[in-house]
Amino acid sequence: MIMLERQSILSSEISAAESRLEITQALARITHEFGFRHFMLVAVPQIEEVLLERVLLESNLPKDYIREYDRQRLLRKCPVDSTLAHIAPPLCWTLDDSIQPHDMTFTPELVNLQRKYEMITSVAMALHSVDGSGFRLHLDGSRPRLTQVELNEIGMILLHVFGVFDRIRRAESRAASLLTLRELEVLRWTSQGKTSVEIGKILSLSDHTINAYMNNAIKKLDCANRTQLVAKALRLKLIA
């Protein structure tokens, strides 16, 4: 695919994303288009954090890989985070190189695990939210090292997809803080098909009170009706 055509297609898909699921789908498309196999978006771990699973936000990594990674406590042994903390452009490396960029040193355990899952070549980029939170985006696979042109292109695309992800993430956070625990509880029962009368019996409240909670939630999330409210709450992951 010609570079400009690829950029146009990916940009359109990213811009149209309105949910975390659609961001995950866009990341999968980016991963495929650049010849990688796996992606992961992680929050920058706190100094005491030792498990990848707890900072992983979006990913298509094999579950066995994550379990093995965490069993060996490789999060604190990986040099990528500390390296990305000091550079802005995307960083690309391959395990087949005798000398790694920025003098990164990978432990034998990490190298063996990456090779086991055919994650030989990687690109990673540090990303920052407007609220100050730090994140990292990684793509891994067995393709040749990215050219500088590809690296520049993927850098722009990763910035774009993260910008949309961050907007959705912050919207989820704001929406969650808007609703009270009781409103969320009523919303969960509504999503399961319960009527106001049925929810009232479950919660020992009148159906009038249940309707009041629902109307408050509808106004807070700027929805037109209950159906739209439930759909939006599911999209924002306020309820499961």
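Contact is taken throughout to mean heavy atoms within 4.5 Å. On that basis, among contacts in the protein between residues at least 6 apart in sequence, 60% join residues at least 24 apart. The structure is a predicted model, in which local features need pLDDT of at least 70 and side-chain atom pairs count only at pLDDT 80 or more, whereas totals for chains, interfaces and linings use all residues. Residues are numbered from 1 along each chain as its sequence is written, and side-chain values use heavy atoms, with hydrogens and water left out.

The secondary structure of the protein comprises ten helices and five strands, where helices (H or I, at least four residues) and strands (E, at least two) are DSSP runs numbered from the N terminus. Taken along the principal axes, the box filled by the C-alpha atoms is roughly 70 × 40 × 30 Å. Of the 240 residues, 46% count as buried, the term denoting under 20% relative accessible area, with exposed meaning over 50% and partly exposed the range in between (1.4 Å probe, protein chains only).

Helix 1 (residues 3-16) packs against helix 6 (residues 148-178) at an angle of about 10 degrees, with the axes 10 Å apart; axes are lines fitted to C-alpha atoms, for helices over the stretch in contact, and angles run from 0 to 180 degrees between N-to-C directions. Helix 1 is therefore roughly parallel to helix 6, given that angles under 35 degrees count as roughly parallel, over 145 as roughly antiparallel, 65 to 115 as roughly perpendicular and the rest as oblique. On the side of helix 1 the contact is made by Met3, Arg6, Gln7, Leu10, Ser11, Ile14 and Ser15, and on the side of helix 6 by Val149, Glu153, Met156, Ile157, His160, Val161 and Val164. By class, the residues of this contact of helix 1 with helix 6 divide into eight nonpolar, four polar and two charged, where Ala, Val, Leu, Ile, Met, Phe, Trp, Tyr, Cys and Pro count as nonpolar, Asp, Glu, Lys and Arg as charged, and the others, Gly among them, as polar.

An unreviewed UniProt entry places the feature "domain: HTH luxR-type" at residues 172-237; UniProt positions are given in the numbering used here, feature names are shortened, and annotations may be inferred rather than shown by experiment. Over residues 172-237 the chain is 76% helix and 0% strand, and the end C-alpha atoms are 7 Å apart. The axes of helix 7 (residues 181-191) and helix 10 (residues 226-235) come within 10 Å and cross at roughly 105 degrees, which means that helix 7 is roughly perpendicular to helix 10. Leu187, Thr190 and Ser191 of helix 7 make this contact with Leu229, Val230 and Ala233 of helix 10, and the contact of helix 7 with helix 10 has four nonpolar, two polar and no charged residues. Thr190 lies in helix 7 and counts as buried at 12% relative accessibility. When residues up to four places away in sequence are not counted, Thr190 touches Ile199, Met214 and Val230.

Helix 8 (residues 196-203) and helix 9 (residues 207-220) pack at an angle of about 105 degrees, with their axes 8 Å apart, so helix 8 is roughly perpendicular to helix 9. Here Ser196, Val197, Ile199, Gly200 and Leu203 in helix 8 meet Asp207, Ile210 and Asn211 in helix 9, and the contact of helix 8 with helix 9 contains four nonpolar, three polar and one charged residue.

The loop between helix 3 (63-71) and helix 4 (80-84) contains Leu74, which counts as buried at 0% relative accessibility. Leu74 touches Tyr69, Thr107, Glu109, Leu110 and Leu113, residues up to four places away in sequence not being counted. Leu74 and Leu110 are 36 residues apart in sequence and 6.7 Å apart in space, C-alpha to C-alpha. Arg73 is found in the loop between helix 3 and helix 4, where at 42% relative accessibility this residue counts as partly exposed.

Most residues other than glycine have a negative phi. Phi of Arg73, by contrast, is positive, near 55 degrees, and His102, likewise not a glycine, has a positive phi of about 55 degrees. The place of His102 is in the loop between strand 3 (91-94) and helix 5 (108-116).

A search of the whole structure finds zero disulfides, a disulfide being a pair of cysteine sulfur atoms within 2.5 Å. For Cys78, which is in no disulfide, the nearest cysteine sulfur is that of Cys92, 14 Å away. Cys92 is buried, with a relative accessible area of 5%.
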